[in-house]
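The following note sets out several points for a colleague who is examining this model. Each point is kept brief and may be checked against the coordinates.

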Amino acid sequence: MVFSSQVFVFFFLPAALFAGIATRHSRYFPLTVFLSSMVFFFWSSGALTLVFLASITINFLGALLIDKTRSRGVLIGVVAANLAILGFFKYTAFLLSNVDLTGLEFAKGFAANIVLPIGISFYTFQGISYVIDVWRGEVAAARNPILFGAYQSFFPQLIAGPIVRYRDVAADFRAPATSLELFNAGACRFMLGLAKKVIIADTAARAADAAFAVTNGDVTFATAWIGAIAYTIQIYFDFSGYSDMAIGIAMMFGIRFRENFNHPYAARTVTEFWRRWHISLSTWFRDYLYVPLGGNRRGPARTYVNLAIVFFATGLWHGAAWTFVLWGLYHGAFLILERLVWGRQAGDQRGAFLRLVYLAPVVVFGWVLFKANDLAQFTAFATAMVSPLAGDAWSLAPLMVVALTPLTVFVLLLASAAAFAQGHYTPFGVVVARPARSRFVEPARALFIAATGLLLALFILPQAYSPFLYFRF
């Protein structure tokens, strides 16, 4: 069940909100949230719900034991248990497929039957952050298993984040904020995210999917660049759209999440990009891996090693494939390069030149590695993208000609201009999702919801199943 599906929009979400609002002033609110989230998870994963419940139990009991004993050994055990579950379901097939290269055939048997539970990377990292925060004394362990279960399973952020920390939302789960203004702001934020997904991301996907469906030998300069730019637009509006929807739904429940995106394509350097892109993940790796490794406190050489480790882990977190690992190391290499050139000011550079001539090509090229099915496809795209003088460089593959309808071209141009524009503006949808500061805000919200809802109906009702890109992570 994805947020842009008819079942979710017209049936599950209204029912869950009704139950949540009806119990918001009672002690049954965490139970309502927990049960709604379990229904959501079971709908998508069936028997794998037992794995999720095991993760919740391990973290709840482990945190209680950590809080009581302050034992580093217990902490290591709980973190190891979380990583073992993630490793088994997400990386077993990858590891065995690499073993298969030696002539053995493990992956074709045992590993081929392993099904990846939805959201496992997100809820695993949420659980790890919780037990580490308890061990550090930054938060007290939850005594109520239902309240903790509601936190770790809360369905808005379950599939694709943000990675929410217990200390940021525990108070809201105990006593959710109750105001019509917050609910309306959340509804606007949800509509904004749904529009970004259905209208922009899914339209851009037509061009991106067509380009990456072209056989490696037929990829041209024009096909590769248009496909890469289309995917750059698709993944941003798809993922940030999901985050907007998750934040909006949480607001309607009376729970407030932190922001997960801040105009990432308006950054000037890769360092700044990672301060703006998937903020909950980048800060997670900073606080629970980079800083414990020593951060930048042990000299430049150790800092570069720490950055390489962090971005190796970042790539591997995104997917069990060498393309993801290399994508992470690719970004890590640019962070190290920027440190060598600008030092600690790498994230504070200014100027449109850096954004358009340096960062944009680097990010777009990186997304090709992220999107490619394998290294052979990436090599074909990379070769085509640096070959503007080849004989057929400016011709389009037939699949691309079909995909690039006037609507698709218009959406790509408009979305590119918005995404890469200077990051000092605020989109209308975010303005109406903020707390009211004047009497004109509520009418603006009503207008936004009505207009966006009508437009979305035209896109959602006839569409086929279209999961979010981060659904698989």
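1. Accessible areas come from the Shrake-Rupley method with a 1.4 Å probe. On that basis the protein, which is a predicted model, exposes about 20200 Å².

2. The secondary structure consists of 19 helices and 0 strands. Of the 473 residues in the protein, 56% are buried. Among contacts with a separation of 6 or more, 77% are between residues 24 or more positions apart.

3. The second largest pocket holds about 630 Å³ of space. Its lining comprises 24 residues, and those nearest the centre of the pocket are Val-79, Leu-83, Trp-284, Tyr-288 and Leu-289. Two or more lining residues are given by each of helix H4 (72-100), helix H5 (120-136), helix H11 (279-293) and helix H12 (300-318). The largest share of the lining, 11 residues, is from H4.

4. Leu-414 belongs to helix H17, which covers residues 406-419. Is Leu-414 buried or exposed? Leu-414 counts as exposed because its relative accessibility is 52%, and the cut-off for exposed is over 50%.

5. Leu-414 may also be considered together with Ile-200. The two residues are 214 residues apart in sequence, while their C-alpha atoms are 9.3 Å apart in space.

Terms used. Residues are numbered from 1 along each chain as its sequence is written. This is a predicted model: local features need pLDDT of at least 70, side-chain atom pairs count only at pLDDT 80 or more; totals for chains, interfaces and linings use all residues. Side-chain values use heavy atoms; hydrogens and water are left out. On a 1 Å grid over the protein atoms alone, a cavity is a set of points where a 1.4 Å probe fits but cannot get out, and a pocket is an open set with protein on both sides within 12 Å along at least five of seven lines; lining residues have an atom within 4 Å of a point. Grid points are joined across faces, edges and corners, and a volume is the space filled by probe spheres set on the points. Helices (H or I, at least four residues) and strands (E, at least two) are DSSP runs, numbered from the N terminus. Buried means under 20% relative accessible area, exposed over 50%, partly exposed in between (1.4 Å probe, protein chains only). Contact means heavy atoms within 4.5 Å.
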